[in-house]
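Subject: Structure for your review

Dear colleague,

Please find below the structure that I am passing on to you.

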Amino acid sequence: AQTVTQSQPEMSVQEAETVTLSCTYDTSESDYYLFWYKQPPSRQMILVIRQEAYKQQNATENRFSVNFQKAAKSFSLKISDSQLGDAAMYFCAYRTDPNTGFQKLVFGTGTRLLVSP
Amino acid sequence: DGGITQSPKYLFRKEGQNVTLSCEQNLNHDAMYWYRQDPGQGLRLIYYSQIVNDFQKGDIAEGYSVSREKKESFPLTVTSAQKNPTAFYLCASSIVTGGGRRETQYFGPGTRLLVL
């Protein structure tokens, strides 16, 4: 079974600085998707970024980028120029092979990001 | 605006009572999902549905039931058999593209269920 591990329960960053959140996963599959979701105090899950495993190029979305290391099964999220609005829980999630039946999202336990002025 | 709505925002359940959480989407998504979130944990899948009148159990379906009579709606009932229902419940939906690929899941705002 696939597992997702976020080893940092909490991280802190100052405004305008850069922070990296870690995520590792375990799978025997070769084709899958990886996601980072943000959960602010409102508790709604918001998609931040996604990565297809077959793509070697790291995904980027404005200030958010990932470092996808397929061989190491690592998928870290880098937030540049941090803003107060980035403060939230961040969840890493794995989704199984998209071409073989139902694909379940498997979530890590989350990393709480604190942003200070 | 298109999106996913969940109601109520807060729900209180008495011992032995069944309660139903509503999830509606106007995104024309085929697939819908229910997740449970407990403190310090990630989301866990309760039930999912890929098409109308069809649904499947997820990892923690015991004590829950669902229906999918309309594409837009996927209500979740927490039955009295669920002994520890206090949690945050999130509904999600996604499209289903050709070849069975299911695209990114988008989430509703959630319902917090508390036991009196």
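This is a predicted model: local features need pLDDT of at least 70, side-chain atom pairs count only at pLDDT 80 or more; totals for chains, interfaces and linings use all residues.

Chain B as a whole

Chain B contains eleven strands and zero helices. The C-alpha trace of chain B spans about 45 × 30 × 30 Å along its principal axes. How does the radius of gyration of chain B agree with that of a compact globule? For 116 residues, a compact globule would have a value near 13 Å, and chain B, at 14 Å, agrees with this.

Of the 116 residues in chain B, 47% count as buried. The accessible surface of the chain comes to about 5400 Å², and carbon and sulfur atoms account for 48% of that surface. Contacts can also be sorted by separation in sequence: among those in chain B between residues at least 6 apart, 54% join residues at least 24 apart.

A residue in a loop

B:T79 is placed in the loop between β8 (76-78) and β9 (87-94) of chain B. Is B:T79 buried or exposed? Its relative accessibility is 17%, and because buried means under 20%, B:T79 counts as buried. Setting aside neighbours within four places in sequence, B:T79 is in contact with B:R13, B:Q17, B:N18, B:G63, B:Y64 and B:S65.

The largest pocket has a volume of about 330 Å³. It is lined by 20 residues, and those closest to its centre are A:Q39, A:M89, A:F91, A:R112 and B:Q37. In chain A, β10 (88-95) and β12 (111-116) are the elements that give two or more residues to this lining. By type, the lining of the largest pocket divides into ten nonpolar, six polar and four charged residues.

The second largest pocket holds about 180 Å³ of space. Its lining includes A:K104, A:F107 and A:T109 from chain A, along with B:Q41, B:R44 and B:D59 from chain B. At least two lining residues each come from β11 (105-107) of chain A and β5 (43-51) of chain B. The lining of this second largest pocket divides into five nonpolar, four polar and three charged residues.

Yours sincerely,

A colleague

Technical notes
Residues are numbered from 1 along each chain as its sequence is written. Chains are lettered from A and ligands numbered from 1 in the order in which they are written. Side-chain values use heavy atoms; hydrogens and water are left out. On a 1 Å grid over the protein atoms alone, a cavity is a set of points where a 1.4 Å probe fits but cannot get out, and a pocket is an open set with protein on both sides within 12 Å along at least five of seven lines; lining residues have an atom within 4 Å of a point. Grid points are joined across faces, edges and corners, and a volume is the space filled by probe spheres set on the points. Helices (H or I, at least four residues) and strands (E, at least two) are DSSP runs, numbered from the N terminus. Ala, Val, Leu, Ile, Met, Phe, Trp, Tyr, Cys and Pro count as nonpolar, Asp, Glu, Lys and Arg as charged, and the others, Gly among them, as polar. The radius of gyration is taken over C-alpha atoms; the globule rule is 2.2 Å times the number of residues to the power 0.38. Buried means under 20% relative accessible area, exposed over 50%, partly exposed in between (1.4 Å probe, protein chains only). Contact means heavy atoms within 4.5 Å. Accessible areas come from the Shrake-Rupley method with a 1.4 Å probe; for residues, only the protein chains shown count as cover.
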